[in-house]
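Welcome! Please take a look at the sequence and the model below, and then we can walk through a few of its features together.

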Amino acid sequence: MGELHVIDHPLVQHKLTIIRNKDVGTQQFRQVVNEIATLMAYEVTRDMPTEDTVVETPIAKTTKKTLAGKKVAIVPILRAGLGMVDGFLELIPAAKVGHIGMYRDHKTLKPIEYFVKMPSDIDQRELFVVDPMLATGGSAIMAIDALKKRGAKQIKFVGLVAAPEGVKALQEAHPDVDIYIAGLDDRLNEDGYIIPGLGDAGDRLFGTK
């Protein structure tokens, strides 16, 4: 079963509380989501492999650690996932970015895929699928299905807020995918929104209704 990691760092929790506030406007919401994503990227990359390299300091030669050149791609689920991409790129500027476009049918609550564009070598990359909300889990499950169908083998899901129902659904559908979130909320309401959540992340990021 994929492990659930709730990132409880005080800075992450503080910033998450800021964007839960309904009175926070688009500019601040977007900025703080970006900041949380950078802080989360620090934790999500904790197990990246390193290798020894020789470096000469002003005093002496020494052997120290550098990243082992692992290839990474960030895959936002459109459109809300876009709000987390720049935060990840702050820490991993060489990462490639793929995109998966989905929307939720508001009658059935089922996700519908409409766009997939990936780097050609995703089978050789560690993929971070990013989406602020893990509600029913449907979009994340379908996105990861689409990636695996195209050869992806190493995938982590990174979100801001999740409902227990979505975590359970994603773990059952993709037991090899670890889940990283900043907040595990109470439940879903009858409309499929996370309670207490933070509203519609896409609308709040882009100023739409």
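In which helix is glycine 138 found? Glycine 138 is found in helix α4, which covers residues 138-149, helices here being DSSP runs of H or I with at least four residues, numbered from the N terminus. This is a predicted model, where local features need pLDDT of at least 70 and side-chain atom pairs count only at pLDDT 80 or more, while totals for chains, interfaces and linings use all residues. Residues are numbered from 1 along each chain as its sequence is written, and side-chain values use heavy atoms, leaving out hydrogens and water.

Serine 139 lies in helix α4 too. Here is how glycine 138 and serine 139 are classed, where buried means under 20% relative accessible area, exposed over 50%, and partly exposed in between (1.4 Å probe, protein chains only).

| Residue | Relative accessible area | Class |
|---|---|---|
| Glycine 138 | 19% relative accessible area | Glycine 138: buried |
| Serine 139 | 22% relative accessibility | Serine 139: partly exposed |

Leaving aside residues up to four places away in sequence, serine 139 touches Ile77, Met102 and Pro111, contact meaning heavy atoms within 4.5 Å. An unreviewed UniProt entry carries the annotation "binding site" for a set of residues including Gly138, Ser139, Arg79 and Asp200; such annotations may be inferred rather than shown by experiment.

Now for another pair of helices. Residues 26-44 form helix α2 and residues 82-91 form helix α3. Among the α2 residues that meet α3 are Val33, Ala37 and Tyr42, and the α3 side includes Met84, Phe88 and Leu91. The residues of this contact comprise seven nonpolar, four polar and two charged.

Conventions
Axes are lines fitted to C-alpha atoms, for helices over the stretch in contact, and angles run from 0 to 180 degrees between N-to-C directions. Helices (H or I, at least four residues) and strands (E, at least two) are DSSP runs, numbered from the N terminus. Ala, Val, Leu, Ile, Met, Phe, Trp, Tyr, Cys and Pro count as nonpolar, Asp, Glu, Lys and Arg as charged, and the others, Gly among them, as polar.
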